[in-house]
Amino acid sequence: MKPRLLITRQVFDEVIEHLTPHFEIQSNQADEEWSRAELLARVADKDALFVVTSDRVDAELLAAAPRLRIVATGSVGFNHIDLAACAARGIVVSNTPDVLNEATADMAWALLMAAARRVCESEHWLRAGQWKRWAFDQFLGADVWRSTIGIIGMGRIGSAVARRARGFDMRILYCNRSAAPNEAELGAQRVSLDELLAQADHVVLVVPYSPATHHLIGAEQLARMKPTATLINIARGGVVDDAALAQALRAGRPAAAGLDVFENEPALNPALLELPNVALTPHIGSATRSSRVCMAMLAAENLVAFAQGRPLPTPVGGR
Ligand code: 8YV
């Protein structure tokens with residue numbers, strides 16, 4: 001008998017086709033919103049689970065899923081999964097590294113440019129019919145070309161952000177637990193978080209969320225930034241204290257922000273919605289068709305490898 005697989009969200013048809021020979025699948029192609037109780041009921045008789053970042057895989061879920069052997073998340077981030085609880089049960093976990101690096105780095109740049117050059121703010125003003133005449137000082141923004149970028153977290157996505165910064169002739173600072181092996185190739189200089197915040201014109205967050213990075217950027221850190229700086233968060237909600245950021249943006253320091261991820265998303269802090277100097281997107285960092293298909297397909301590859309008794313291509317915790 002084929003192992004039973006639960007897929008919590010709608011996925012591309014080709015992914016279902018790829019999985020069908022190997023699993024008895026319960027999918028959610030209608031993309032219904034399942035309550036927690038429904039999710040727990042559906043996982044009760046499953047051997048395998050395909051989740052996304054909004055599905056919390058914790059001790060409660062594992063207790064409801066006595067047969068579960070593998071959790072494949074269609075994301076690079078895995079802070080929604082209790083790895084220790086999975087390991088204690090012998091459940092393997094996979095994620096989708098690399099395939100989303102370039103799309104996510106592009107998104108960091110989309111937000112950086114939008115925040116620095118006030119793209120969203122001026123567009124809203126224009127749409128509201130307020131553009132009556134041109135003026136020298138209209139919507140003056142921050143320079144990007146030849147400015148200093150500060151990248152917090154120089155992993156695979158951070159490096160992709162840095163590579164793009166070279167095209168803008170930028171000075172590249174970064175902050176990371178260890179020196180990046182590609183530091184020289186990127187022309188990047190490792191500095192402390194405080195130094196980075198003090199010197200960068202554009203601060204980009206690319207660190208995974210963990211208890212160690214919870215509110216890494218709060219009121220104190222925001223106050224260290226240049227008043228003209230921008231802050232970009234494409235990492236995870238919770239890395240930034242959103243309430244403190246809203247307060248800082250209201251006071252004009254930093255000058256602007258670009259946010260793709262939020263604390264408690266999709267119910268983001270209402271104060272952010274009121275502010276003109278923040279560009280907001282609904283967690284679409286990896287949202288290009290090719291990137292999302294590759295992510296879903298990589299999750300499927302891990303599930304198929306599990307079904308065939310092969311090593312997982314991208315287990316969490318290293319290949
Ligand atoms: C996902 C992400 O698209 O991969 C991640 O960690 O945050 C996004 O790229 C999203 O979270 C779907 O699971």
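Predicted model: local features only at pLDDT ≥ 70, side-chain atom pairs only at ≥ 80, totals over all residues.
In strand S10, the bridge partner of His202 is Thr230. Residues are numbered from 1 along each chain as its sequence is written, and side-chain values use heavy atoms, with hydrogens and water left out. Helices (DSSP runs of H or I, at least four residues) and strands (DSSP runs of E, at least two residues) are numbered from the N terminus.

- Strand S9 (residues 202–205) runs parallel to S10, and four bridges join them; two strands are said to pair if DSSP finds at least two bridges between them.
- From S9 the chain crosses through helix H10 (residues 219–224) to S10, a right-handed β-α-β crossover. Right-handed here means that, with the strands pointing away from the viewer, the path from the first strand over the helix to the second runs clockwise.
- S10 is also joined to S11 by four bridges, again in parallel, and Thr230 stands opposite Ala256 of S11.
- The step from S10 to S11 passes through helix H11 (residues 242–250), and this β-α-β crossover is right-handed.
- Which way do the side chains of S10 (residues 230–233) point? Thr230 and Ile232 point one way, Leu231 and Asn233 point the other way, and all are buried. Buried means under 20% relative accessible area, exposed means over 50%, and partly exposed lies in between (1.4 Å probe, protein chains only).

**Strands S3, S4 and S5**

- Strand S3 (residues 48–51) pairs with S4 in the parallel sense over four bridges, and Ala48 has Ile70 of S4 as its bridge partner.
- S4 runs parallel to strand S5 (residues 92–94) as well, with three bridges between them; here Ile70 has Val92 as its partner in S5.
- Together, S4, helix H4 (residues 83–89) and S5 make a right-handed β-α-β unit.
- In S4 (residues 70–73), Ile70 and Ala72 point one way while Val71 and Thr73 point the other, and all are buried.

**Around the ligand**

- Which residues surround the ligand? They are Val52, Thr53, Gly74, Ser75, Val76, Gly77, Leu100, Arg236, His283, Ser286, Arg292 and Met295, where a residue is near if one of its heavy atoms lies within 4 Å.
- By class, this shell has four nonpolar, six polar and two charged residues. Ala, Val, Leu, Ile, Met, Phe, Trp, Tyr, Cys and Pro count as nonpolar, Asp, Glu, Lys and Arg as charged, and the others, Gly among them, as polar.
- Look for the polar contacts (pairs of N or O atoms within 3.5 Å; within protein, one must be able to donate a hydrogen and the other to accept it, and residues adjacent in sequence count only if both atoms are side-chain atoms). A backbone N or O atom of Gly74 lies 3.4 Å from a ligand oxygen atom.
- An N or O atom in the side chain of Arg236 is 2.7 Å from an oxygen atom of the ligand, and a polar side-chain atom of Ser286 also lies 2.7 Å from a ligand oxygen.
- The protein covers 87% of the 330 Å² of accessible area that the ligand has on its own; such areas come from the Shrake-Rupley method with a 1.4 Å probe, and for residues only the protein chains shown count as cover.

**Backbone features to spot**

- Most residues other than glycine have a negative phi, and most peptide bonds are trans.
- A cis peptide bond joins Arg253 and Pro254, with omega about 5 degrees; Pro254 is in the loop between H11 and S11.
- Another cis peptide bond joins Glu265 and Pro266, with omega about 10 degrees; Pro266 is in the loop between S11 and H12.
- Asp31 has a positive phi near 50 degrees and is found in the loop between strand S2 (24–26) and helix H2 (36–43).
- Arg146 is not a glycine, yet its phi is positive, about 60 degrees; Arg146 is found in the loop between helix H6 (119–127) and strand S6 (148–152).

**Buried or exposed?**

- Phe262, in the loop between strand S11 (256–259) and helix H12 (270–274), counts as buried because its relative accessibility is 5%.
- Gln189, in strand S8 (residues 188–190), is partly exposed because its relative accessible area is 41%.
- Arg146 is exposed, because its relative accessible area is 55%.
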